Amino acid sequence: MSRVHLAYFSGSGSTAYFAGALADAFRAQGCKVAEERIGAGPAAFGRGAPGGGEGLLVLVFCVHEFNAPHPVRRWIDSLPESRGTAAAVISVSGGGEVSPNRASRRASIAQLEQRGYEVFFEDMAVMPCNFFVEHPDPLPAMLLEAAPATARRFAACMAAREHRRTRPPLLDRVASRLCTGVSGRWSPKFGRSLKATDACTRCGRCASACPMGNITVTDGGPRVGDGCACCLGCVYACPAGALRSASFQTFVLKSGYDIGAYLSRPIPEGAWQRIDKLARGFLWKGVRRYLEQRF
Ligand SMILES: Cc1cc2nc3c(=O)[nH]c(=O)nc-3n(C[C@H](O)[C@H](O)[C@H](O)COP(=O)(O)O)c2cc1C
Ligand code: SF4
Ligand code: SF4
């Protein structure tokens, strides 16, 4: 395997960070890696070569409602049909591989298989949660520190063509199926609810952060179109904290979401020996398990 096409969907940057770590890990193994950020446009994979022909396809996305965000479904639909191109799917979640997240890759894998791709590997990385509820400190910094090692492990398994497929429990399959399409239906409402306050300086960072190209900044401030994926990227990218949702502000973490800031937070001595105490309770069971098993 000398060529890898890494396609990722990321809102607030943690999936992009993990995809970057995966790309580094593949390059360290001598692979040539092409990276594609998934947005509103069609897939770049396989465009120059009929039938795929661009090496291994690795799809990485953040989990939204126990599923892939809806732009990922559109992106897979735009892939050229293939006859057995090897593919792998990695989901990145805030909660970990626990119910009802365990079927988060299922619909994307089925879609890839329908298009003729051969999915031999799937797994999940855990990154800081950007939605509704924040991981207690120092978990965000620990998850970021664990990312390169996890990426190296995944890349080594994929390079060795290890077969890793999961069979999610019924509850997860039902939850994921019920939620398929939900984000596509209500995300435009979230987009329309976004308004800039007087603190807006028209700097344009929200527009650059939007994976969907859904924001235009005018003299009157940012204008959000109907193509929102509710990824929260624009809200967290605003340096003035000026972009707010009139109806769904509870989704947004009060202290923001900043990968650079998480990376610079010191991890207290002995934290890795106290994961069970730091990631206590039902909500963080998947995070606890991930950090204990993976690092
Ligand atoms: C609308 C929305 C829905 C989400 N749903 C889930 C979920 O079902 N399960 C989960 O574990 N995390 C969920 N998350 C958290 C993200 O998957 C997680 O924080 C991820 O690291 C964000 O990646 P990003 O920074 O690349 O956008 C959700 C986030 C958003 C914005
Ligand atoms: S990032 Fe914030 S300050 Fe900059 S244009 Fe967007 S809303 Fe205004
Ligand atoms: S408008 Fe904001 S929340 Fe919607 S897709 Fe763009 S960056 Fe994400």
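**Notebook: cores, sheet and ligand shells**

I started with the cores: the largest nonpolar core has 65 residues, and Leu 6, Phe 18, Leu 22, Val 58 and Val 60 have the most contacts inside it. For my own record, a nonpolar core is a set of buried Ala, Val, Leu, Ile, Met, Phe, Trp, Tyr and Cys residues joined through C-beta atoms within 7 Å; buried means 20 or more other C-beta atoms within 10 Å of the residue's own, with C-beta atoms placed from the backbone. Helix 4 gives this core its largest share, 10 residues.

This is a predicted model, where local features need pLDDT of at least 70, side-chain atom pairs count only at pLDDT 80 or more, and totals for chains, interfaces and linings use all residues. Residues are numbered from 1 along each chain as its sequence is written, while chains are lettered from A and ligands numbered from 1 in the order in which they are written.

Next I looked up Val 58. Leaving aside neighbours within four places in sequence, Val 58 is in contact (C-beta atoms, placed from the backbone, within 7 Å) with Val 4, Leu 6, Leu 22, Ala 88, Ile 90 and Met 158. I also found a second, separate core of 23 residues, which includes Phe 190, Ala 229, Ala 237 and Leu 243.

Then the sheet. Five strands form an open sheet in the order 2-1-3-4-5, with parallel pairing. Strands here are DSSP runs of E, at least two residues, and helices are runs of H or I, at least four, numbered from the N terminus; two strands pair if DSSP finds at least two bridges between them. Strand 2 (32–37) and strand 5 (118–126) are at the edges with a single partner strand each, so one side of each has no neighbour in the sheet. Strand 1 (residues 3–9) and strand 3 (residues 56–62) run parallel, joined by six bridges, and Val 4 stands opposite Leu 56 in strand 3.

Helix 4 (residues 139–159) lies across strand 3, strand 4 and strand 5, at about 165° to strand 5. That angle is between N-to-C directions, on a scale from 0 to 180 degrees, with axes fitted to C-alpha atoms, for helices over the stretch in contact.

Last, the ligands. Ligand 3 has 15 residues around it, and Cys 210, Cys 228, Cys 231, Gly 233 and Cys 234 come nearest. Ligand 2 also has 15 around it, with Cys 200, Cys 203, Arg 205, Cys 206 and Cys 238 nearest. Near means a C-beta atom, placed from the backbone, within 6 Å.

Methods:
Contact = placed C-beta atoms within 7 Å. Buried ≥ 20, exposed ≤ 12 C-beta atoms within 10 Å, placed from the backbone.
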